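Dear colleague,

I am passing on the structure below for you to look through. My notes on a helix and a pocket follow it.

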Amino acid sequence: QKFEACRKSLRLVGLVASIDPDRDGVPESVVAAREAGIRVVMITGDYLKTAIAIARNVNILQPQDDEQVSAVDCACLRPDGTYLP
């Protein structure tokens, strides 16, 4: 009710998107680290789908990787999905 008047006669006038490109050399560094036997992981505050896209772009996730196993929200790492006290 509070915003009912604001929602009348609205018109979409545009959309905005932004991208934060990968830093130069990151994909190559990930490949070099893997070749050296280093397991590369990414921890981010991004949404899971965004994190998956970034990880694919920089070779952390490879085409054969199963996203259900290799890319997880940290909530599944907590007991019962809740933060520890």
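On the side of α1 that is turned away from its buried face, Glu28 and Glu35 are exposed (exposed is over 50% relative accessible area, buried under 20%, with partly exposed in between, for a 1.4 Å probe and protein chains only). This is a predicted model, in which local features need pLDDT of at least 70 and side-chain atom pairs count only at pLDDT 80 or more, while totals for chains, interfaces and linings use all residues. Residues are numbered from 1 along each chain as its sequence is written, and side-chain values use heavy atoms, with hydrogens and water left out.

Helix α1 spans residues 26-35, and its buried residues are Pro27, Val30 and Ala33 (helices are DSSP runs of H or I with at least four residues, numbered from the N terminus). Seen down the axis of α1, these buried residues fall within an arc of 125°, so they line one face of the helix (the arc is that of the directions from the helix axis to the C-beta atoms).

The largest pocket has a volume of about 660 Å³ (the space filled by probe spheres set on its points, which are joined across faces, edges and corners). A pocket here is an open set of points on a 1 Å grid over the protein atoms alone, where a 1.4 Å probe fits, with protein on both sides within 12 Å along at least five of seven lines, and lining residues have an atom within 4 Å of a point. Of the 24 residues that line the largest pocket, Met42, Ile43, Ser70, Ala71 and Val72 are the closest to its centre. Helix α2 gives the most to this lining, with four residues.

Best regards

Key: Helix = DSSP H or I, 4+ residues; strand = E, 2+ residues; numbered from the N terminus.
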